[in-house]
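This report examines charged pairs, a helix face, a sheet and the nonpolar cores of a predicted model. The sequence and structure are shown below.

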Amino acid sequence: MRRVAVCIGPEHGTVSPDLIKDAAKEAVQGVGFDLLVVLGFAFDPHVSEEIHRYGKLTVLPARINPDLQMGNLLLKKSGVGNLFMVFGEPDVEVKELPDGKLTVTIQGVDIYDPTTGEIRSSSTDDIACWFIDTDYNGESFFVRHAYFTGADQPYEKLKRALRAEVDEAAWSALYATTSYPFEKPRTGKIAVKVINHYGDEVLKVYAV
């Protein structure tokens, strides 16, 4: 038997590290809980740092499908997406080149599969797109680099979705798991945002 505490974040706004800190303090009081599940529509990028600070208490952030904000009439009933998604951190390698510039390589992301109860270490085939803020200021995420990945001929799907021809050379430049080189950030931080095919996203900050 394991005791589980649940914390639900705001309907409008992000789950902050302070909210997790307060929920974790409450979860460890008295008999205490083994697991704290934090539900939210969006998460502050610094949440990933906060969830590792509580020893025996496991903190598990779970993203709520944005469709739940739409109400019963607009909620999709196709069953394709998950109402709740435990989305792990991206597996990212930041490399410094001889000229001092940096590149970022995305290698995959860990995703909890609610249908099997297992954690899948996914490759880039399960990533729809990923973005880099090459000079992250700690407050707002600006898309300065955008790349697309994924299996099953996403180029053909994009053409069908747009009902237009897509420049294949331009697409090849954006269909990549390694970024173009960029200068070191003045802020000393970059942020990487990863979105899977369900629309779930995760953002992680790296000091460089």
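## Salt bridges

Aspartate 133 and arginine 144 join their side chains in a salt bridge with an N to O distance of 2.6 Å; the term denotes a side-chain nitrogen of Lys or Arg within 4 Å of a carboxyl oxygen of Asp or Glu. The two residues are 11 residues apart, aspartate 133 belonging to strand 8 (residues 127–133) and arginine 144 to the loop between strand 8 and strand 9 (145–148). Helices (H or I, at least four residues) and strands (E, at least two) are DSSP runs, numbered from the N terminus. Aspartate 133 is buried, at 0% relative accessible area, whereas arginine 144 is partly exposed at 42%. In these terms, buried means under 20% relative accessible area, exposed over 50%, and partly exposed in between, with a 1.4 Å probe and protein chains only.

The model has four salt bridges by this rule. One of them joins the side chains of glutamate 183 and lysine 101, at 3.9 Å from N to O. This pair spans 82 residues: glutamate 183 lies in the loop between helix 4 (168–174) and strand 10 (189–196), and lysine 101 in the loop between strand 5 (87–96) and strand 6 (102–113). Glutamate 183 is exposed, with 55% relative accessibility, and lysine 101 is partly exposed, with 28%. Another salt bridge, at 3.1 Å from N to O, is formed by the side chains of aspartate 135 and arginine 186. Here 51 residues separate the partners, with aspartate 135 in the loop between strand 8 and strand 9 and arginine 186 in the loop between helix 4 and strand 10. Aspartate 135 is buried at 13%, while arginine 186 is exposed at 79%.

## The buried face of helix 1

In helix 1 (residues 17–27), the buried residues are Pro17, Ile20, Ala23, Ala24 and Ala27. These residues lie on the same side of helix 1, because they cover an arc of only 125° around the axis, taken from the directions between the helix axis and the C-beta atoms. Their cover includes strand 1 (4–8), strand 2 (35–40), helix 2 (47–50) and strand 3 (58–64), where contact means heavy atoms within 4.5 Å.

An open sheet of four strands pairs antiparallel in the order 9-8-10-11; two strands pair if DSSP finds at least two bridges between them. Strand 9 and strand 11 (201–207) are the edge strands, each pairing on one side only. Antiparallel strands 8 and 9 are joined by four bridges, and isoleucine 132 has histidine 145 of strand 9 as its bridge partner.

## Nonpolar cores

The largest nonpolar core has 16 residues, of which Val92, Val104, Ile106, Trp130, Val192 and Val194 touch the most other members. Such a core is a set of buried Ala, Val, Leu, Ile, Met, Phe, Trp, Tyr and Cys residues joined through side-chain atoms within 4.5 Å. Strand 6, strand 8, strand 10 and strand 11 each supply at least two of its residues, and strand 6 gives the largest share, four residues.

Beyond its neighbours within four places in sequence, valine 192 is in contact with residues including Val92, Val104, Trp130 and Phe141. Another core, of 15 residues, lies apart from the largest one and has Ala23, Ala24, Phe43 and Leu57 among its members.

## Basis of the values

Residues are numbered from 1 along each chain as its sequence is written, and side-chain values use heavy atoms, leaving out hydrogens and water. As the model is predicted, local features need pLDDT of at least 70 and side-chain atom pairs count only at pLDDT 80 or more, while totals for chains, interfaces and linings use all residues.
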